[in-house]
Amino acid sequence: MDFEAYFPIWQKLSAAQQELLRGHLAERSVKKGTVVHGGGMECTGLLMVKQGQLRAYMLSEDGREITLYRLFERDMCLFSASCMMNSIQFDITIEAEKDTTMWVIPAEIYRQIMADSAPAANFTNEIMASRFSDVMWLMDQVLWKRFDQRLAGFLLEEANIEGTNTLRLTHETIGKHLGNPREVVTRMLKYFSGEGFVRLSRGTVELCDTEGLRKIVEG
């Protein structure tokens, strides 16, 4: 399927704007684990996921990670083009969680289209609002939710994304998503295991009692 079918406002762009986009689009495929933006990279450009899954996260000074949001098929990432948003003063890293194919739109090209197209500007503002909503939700979780609630919610979310209750996740990976040390994750998972909510094996967490986990999330 071509970019035109993925970009929601394609038909609202002028013929000249469509041609400008076509002429500067780049399709890129990356393997799982590839950092596609961040770590001192220059302005990457806007990313639209064609197939796969990306993860946006922040890195603390002591090397701890916390996931801000995920990007799935048809999702667009603006923060990879932070150079066109002067008010953005923080660094975000974008990494492929799965083998991913995406389109890259140069920031200067998109900025030009956005300046001339009200639909493009509105679409961009909607994405920005959605991403900041994701970040505010995360802040609410970190500030006000107990860690057992956050961990239970994460496991349920992962099961929904992957379509299975058997999750191939290390304790370290879970810690990176939630912004907690591996040791803290291990202790809580052992508690969950003792209560019958999960079954643990090397590199795998199997959800045995999803209803029990939901009750934890609800407090």
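Reader: Why is T67 called buried?

Author: This is a predicted model, and in it T67 has a relative accessibility of 10%. Buried means under 20%, so T67 counts as buried. T67 is part of strand β5, residues 65-71.

Reader: What makes the pairing of the T67 side chain with the side chain of R55 a polar contact?

Author: The two side chains come to 2.7 Å, and the limit for a pair of N or O atoms is 3.5 Å. The T67 side chain also has a polar contact with the side chain of H177, at 2.6 Å. Among the residues that T67 touches are A56, Y57, L138 and K176.

Reader: H177 is in helix α6. How do you know how α5 is oriented to α6?

Author: The axes of α5 (residues 147-162) and α6 (residues 171-178) cross at roughly 110° and come within 11 Å. Angles of 65 to 115 degrees count as roughly perpendicular, and therefore α5 is roughly perpendicular to α6. From α5, F147, R150, L151, F154 and L155 meet I174, H177 and L178 of α6. By class, this contact has six nonpolar residues, one polar and one charged.

Reader: How do you know whether the length of helix α7 agrees with what its residues should span?

Author: Helix α7 has 13 residues, 182-194, and at 1.5 Å a residue they should span 18 Å. The end C-alpha atoms of α7 are 18 Å apart, so the two values agree.

Reader: Which residues of α7 are buried, and what covers them?

Author: V185, T186, M188, L189 and F192 are buried. Their cover includes α5, α6, β10, β11 and α8.

Key. Residues numbered from 1 in each chain as written. Predicted model: local features only at pLDDT ≥ 70, side-chain atom pairs only at ≥ 80, totals over all residues. Heavy atoms only, no water. Helix = DSSP H or I, 4+ residues; strand = E, 2+ residues; numbered from the N terminus. Buried < 20%, exposed > 50% of the residue type's maximum accessible area, 1.4 Å probe, protein only. Polar contact = N/O pair within 3.5 Å; in protein donor to acceptor, adjacent residues only side chain to side chain. Contact = heavy atoms within 4.5 Å. Axes fitted to C-alpha atoms, helices over the stretch in contact; angles between N-to-C directions. Parallel < 35°, antiparallel > 145°, perpendicular 65-115°, else oblique. Nonpolar A, V, L, I, M, F, W, Y, C, P; charged D, E, K, R; others polar. Expected span 1.5 Å × (residues − 1). Lists of a residue's contacts leave out its neighbours within four places in sequence.
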